[in-house]
Amino acid sequence: MVSFIKPYALDPFVGHLATPITTSAFTRAYLRLLPAYRPNLTPLARGTEIGFTHGYFLFGPFYGYGPLRPADILHSQAIVPFSSALLATIVLVVILTVALSIYGQVTHEIYEGALLVQILNRKTKTEKAKVFLDGQDELKTLVGWQKFAQGFLRGGVIGSITAAALVYGYAINSSFLDSSF
């Protein structure tokens, strides 16, 4: 019988098993479409897209399972469950943004702030721009990571407001349709 699971690149010391799912072309193509791996995307746009997705999907659990969730169908259009879920989602997005900022500050300040590294890496702004155009990831710098965190906050707030508006509009329309018949 043929074994479908074997060591990655036939090296048993890598610590990764090559399965038909992890090594398929479909999986690689899907992962390349995610904003974390998509090429030619600025950190601000990358953060906005990831933040929008997080804000959009974090609203649902706070609305459906939060302590101020709607108790029954008749009161499902009350503004309190929507506003409390929206506020909780925005607060969580702000906490995640602070965590992203702290991570970026701690990770990249060590390498960019050291005097020896600054002396060795003296480049003009045009040389740095050329390096980023040649394909080096801008997220590996402190400024790029700060832009990513700004985009994450902006996208997270917009995503949570969008989700709240859609759920509130659905609640109003469903209660209106139920009462008209």
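The model is predicted, so local features need pLDDT of at least 70 and side-chain atom pairs count only at pLDDT 80 or more, while totals for chains, interfaces and linings use all residues. Residues are numbered from 1 along each chain as its sequence is written, and side-chain values use heavy atoms, leaving out hydrogens and water.

Start with the layout. The chain holds six helices and two strands. Their order along the sequence is β-β-α-α-α-α-α-α. Helices (H or I, at least four residues) and strands (E, at least two) are DSSP runs, numbered from the N terminus.

Next comes burial. Of the 181 residues, 22% are buried. Buried means under 20% relative accessible area, exposed over 50%, and partly exposed in between (1.4 Å probe, protein chains only). The chain exposes about 13,100 Å², and carbon and sulfur atoms supply 69% of that area. Accessible areas come from the Shrake-Rupley method with a 1.4 Å probe; for residues, only the protein chains shown count as cover.

Now look inside. The largest nonpolar core has eight residues: I50, V93, L100, L139, W145, F148, A149 and F152. Such a core is a set of buried Ala, Val, Leu, Ile, Met, Phe, Trp, Tyr and Cys residues joined through side-chain atoms within 4.5 Å. Helices α3 (79-113) and α6 (142-180) each supply at least two residues of this core. Helix α6 gives the most, with four. Another core, of seven residues, lies apart from it; F59, Y63, F82 and A163 are among them.

Beyond its neighbours within four places in sequence, I50 is in contact (heavy atoms within 4.5 Å) with P35, A36, F148 and F152.

R46 lies in helix α2 (residues 43-65). Is R46 buried or exposed? R46 counts as buried because its relative accessibility is 7%. A polar atom of its side chain lies 2.9 Å from the backbone oxygen of L41. Setting aside neighbours within four places, R46 has contacts that include P35, A36, L139 and F148.

Finally, the whole structure has two salt bridges. A salt bridge is a side-chain nitrogen of Lys or Arg within 4 Å of a carboxyl oxygen of Asp or Glu. One joins R38 and E49 (3.1 Å, N to O). R38 lies in the loop between α1 (25-33) and α2, and E49 in helix α2, so the pair ties together parts 11 residues apart in sequence. The other joins E138 and K147 (3.9 Å, N to O). E138 is partly exposed, at 23%, and K147 is partly exposed too, at 36%.

How values were computed:
Polar contact = N/O pair within 3.5 Å; in protein donor to acceptor, adjacent residues only side chain to side chain.
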